[in-house]
Amino acid sequence: MKLKSTVAFAATTLLAAGLLSSCSSDEPEDTPESNTNSPGAEAAGFPESWDEEITIDVFDGLANYMGTQEGWFAKVVKDKFNMNLNIIAPNVAGGGDTLYNTRVAAGDLGDLIITDKGERVDELVEGGLLLDMAEYYPNMEHAAVFDQAVQILNEGKDGIYSTPTQVSTLKPTQPSEGIDPTFGPFLRWDIYAELGYPEIGTLEDLLPILKDMQDAQPEADNGQKTYALSLFKDWDGNMMNVAKQPICFYGYDEIGFVLAKADGSDYQGILDEDGEYKRVLEWYFQANQLGIVDPESTTQNYDTLFSKMQNGQVLFSWWPWLGQSAYNTAENTAAGKGFMIAPMEDMQVFSYGAEAYGGKQVLAIGSQAEDPERIAAFIDWLYSAEGTYMNNSQTMGAAGPEGLTWEMGTDGEPVLTDFGQEVFLTGDGTVPEDWGGGSYIDGTSTLNVSVVLPNDTDAATGFPFSYKTWPSYLELVETPLQADWTEQMGGATTTIGYLEDNDQLLVAPGASYTAPADTSEIETLRNQIKALVVQYSWQAVFASDQAAFDSLWAELVSKADGLGYAQVLEWDMANAEEQNTARETVVATFAE
């Protein structure tokens with residue numbers, strides 16, 4: 001099923017998935033220049049047209065959609081490159097490494113590959129599954145704007161086997177996310193307001209408030225029961241993914257089995273008895289005991305959760321790009337309803353600093369690709385201003401195609417068109433036939449990766465690529481919801497602004513660090529242990545009582561210890577400390 005999220009209502013990501021950016025220079029000329037929005041425009045140095053229609057397999061570790069790209073983005077790619085994109089998504093195929101391992105064993109991962117840098121790329125290069133792009137790189141003028149990041153990414157290799165994502169010209173100590181952080185305790189502000197804005201000291205203090213919110217609105221507008229919390233399993237890895245998210249409210253992020261604080265002041269193992277991971281598991285357990293956790297959490301996927309968010313059936317979100325993207329439509333916000341960050345007194349929200357040399361994911365060409373030149377041209381286009389506006393991740397504030405969703409106003413500032421306002425303020429719109437027709441949301445890029453950071457500046461307009469930062473957009477969204485939140489939050493107009501003003505944002509300097517590949521022994525141990533951690537974590541959350549929770553936790557720790565958890569933790573701890581050293585180094589480098 002295709003992810004039907006409102007394109008780009010915030011932050012960062014990913015997730016979940018690996019954020020963010022790159023800092024080649026601070027000079028305006030180092031940003032991609034705007035291109036015409038004409039579908040016929042081609043990247044310089046490559047053929048102006050492609051006679052033979054082709055379909056390429058895109059193995060995409062970030063995609064939440066499986067199948068052929070459709071809609072307006074498909075039409076743009078078809079018109080420019082005479083190329084169709086067949087998305088192969090491990091997230092949709094069940095997650096984990098099964099699909100990856102199967103395709104690697106067959107010797108053909110895909111024609112275009114979006115995967116993790118470091119270990120993954122190293123093993124693909126060694127296995128002969130990636131193409132050396134050196135032959136085409138001289139023509140990749142847009143990617144070459146970030147040549148320093150490209151060269152560092154390929155250090156130690158005999159060619160150019162991948163190019164970075166999430167590049168930018170921001171400094172590594174700057175938040176990469178724009179006006180909203182990647183993480184935060186976002187809740188239905190309108191219901192919280194009905195309760196009289198009760199004080200929230202800690203994460204634990206939030207539980208009775210969430211219970212009161214659920215009691216205050218037991219049913220959504222569609223007649224379905226509401227739950228304060230609704231979970232999903234899709235993105236589980238080294239641990240239960242949704243258990244990691246509240247930990248990020250306190251300045252930590254994961255590196256293997258280690259939780260590392262952004263400023264290097266603390267490192268924890270996920271199985272520490274007094275650690276944040278157990279704290280959050282117990283938080284979910286207590287929530288379930290209160291009856292405020294959706295019982296479908298163990299079986300639903302992200303798409304189902306997103307639909308529930310859209311329908312108002314869920315009252316809390318770990319990310320602005322989930323709750324706000326799904327529910328904060330023009331109709332809802334005008335009625336004073338929507339998700340906003342809560343004033344939790346002890347939070348110190350983790351923020352990804354702009355990565356100095358690119359994010360955690362890379363773009364690569366498979367060695368079996370039949371038309372690598374065309375794929376190289378497509379990759380280069382993704383670094384252009386036009387490609388940035390059109391492709392940027394579904395959750396990162398992509399403004400879309402110039403002439404369709406936005407245009408330059410008479411005052412020289414970018415503004416949303418009437419259609420753009422319909423899409424971004426109401427949740428969707430029907431695309432004109434000359435742009436491919438159909439739903440705008442369903443037609444967005446399913447690559448789900450930002451190649452150039454949306455918070456970076458388009459040199460041609462002087463404004464960021466993300467429409468969410470434009471003055472014209474901020475005027476449009478001055479709603480009763482925003483006004484009430486601003487009044488209660490001391491006059492703050494953005495989430496990032498509020499957190500910075502209150503010293504509640506902890507920025508992890510963007511060092512573009514990649515942990516070394518696990519040894520075969522560590523990899524074997526990790527795979528066994530992480531499966532155990534995920535299994536027992538879910539069981540503990542839904543334990544029948546405190547005694548059952550305690551028993552499951554003790555059993556998890558005992559079994560993990562028996563499988564070699566201490567050995568893997570030592571490995572990850574060394575990497576976490578090395579990551580902090582890299583962060584300190586990049587801060588010193590860019591301070592010079």
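Contact here means heavy atoms within 4.5 Å. The model is predicted, so local features need pLDDT of at least 70 and side-chain atom pairs count only at pLDDT 80 or more, while totals for chains, interfaces and linings use all residues. Residues are numbered from 1 along each chain as its sequence is written, and side-chain values use heavy atoms, with hydrogens and water left out.

**View 1. Surroundings of Trp318.** Apart from neighbours within four places in sequence, Trp318 is in contact with Thr182, Phe183, Gly184, Ser230, Leu231, Phe232, Val242, Gln245, Pro246, Phe249, Tyr284 and Leu305. Trp318, Tyr277 and Tyr284 have the most contacts inside the largest nonpolar core, which has 97 residues. A nonpolar core is a set of buried Ala, Val, Leu, Ile, Met, Phe, Trp, Tyr and Cys residues joined through side-chain atoms within 4.5 Å. Buried means under 20% relative accessible area, exposed over 50%, and partly exposed in between (1.4 Å probe, protein chains only). Another core, of 69 residues, lies apart from this one and includes Phe46, Phe146, Ala376 and Trp406.

**View 2. Helix α18.** Helices (H or I, at least four residues) and strands (E, at least two) are DSSP runs, numbered from the N terminus. Helix α18 (residues 520–541) has 22 residues and reaches 32 Å from its first C-alpha to its last, close to the expected 32 Å; the expected span is 1.5 Å times one less than the number of residues. Among its buried residues are Ile522, Leu525, Trp538 and Val541. Their cover includes α8 (276–289), α19 (546–562) and α20 (565–591).

View 3. Ala511 is found in the loop between β18 (505–508) and α18. It counts as buried because its relative accessibility is 12%. Leaving aside neighbours within four places in sequence, Ala511 is in contact with Glu355, Tyr357, Ala582, Arg583 and Val586.

**View 4. The open sheet.** Six strands form an open sheet of mixed pairing, in the order β2-β3-β1-β4-β13-β5; two strands pair if DSSP finds at least two bridges between them. The edge strands, β2 (67–68) and β5 (163–164), each pair on one side only. Strand β5 pairs with β13 (residues 361–365) in the antiparallel sense over two bridges. Leu363 in β13 is the bridge partner of Thr163.

**View 5. The loop at Lys337.** Lys337 lies between α11 (330–334) and β11 (339–341). Outside four places in sequence, Lys337 is in contact with Arg188, Asp190, Asp221, Tyr327, Asn332 and Leu481. Ser317 is 20 residues from Lys337 in sequence and 14 Å away in space, C-alpha to C-alpha.
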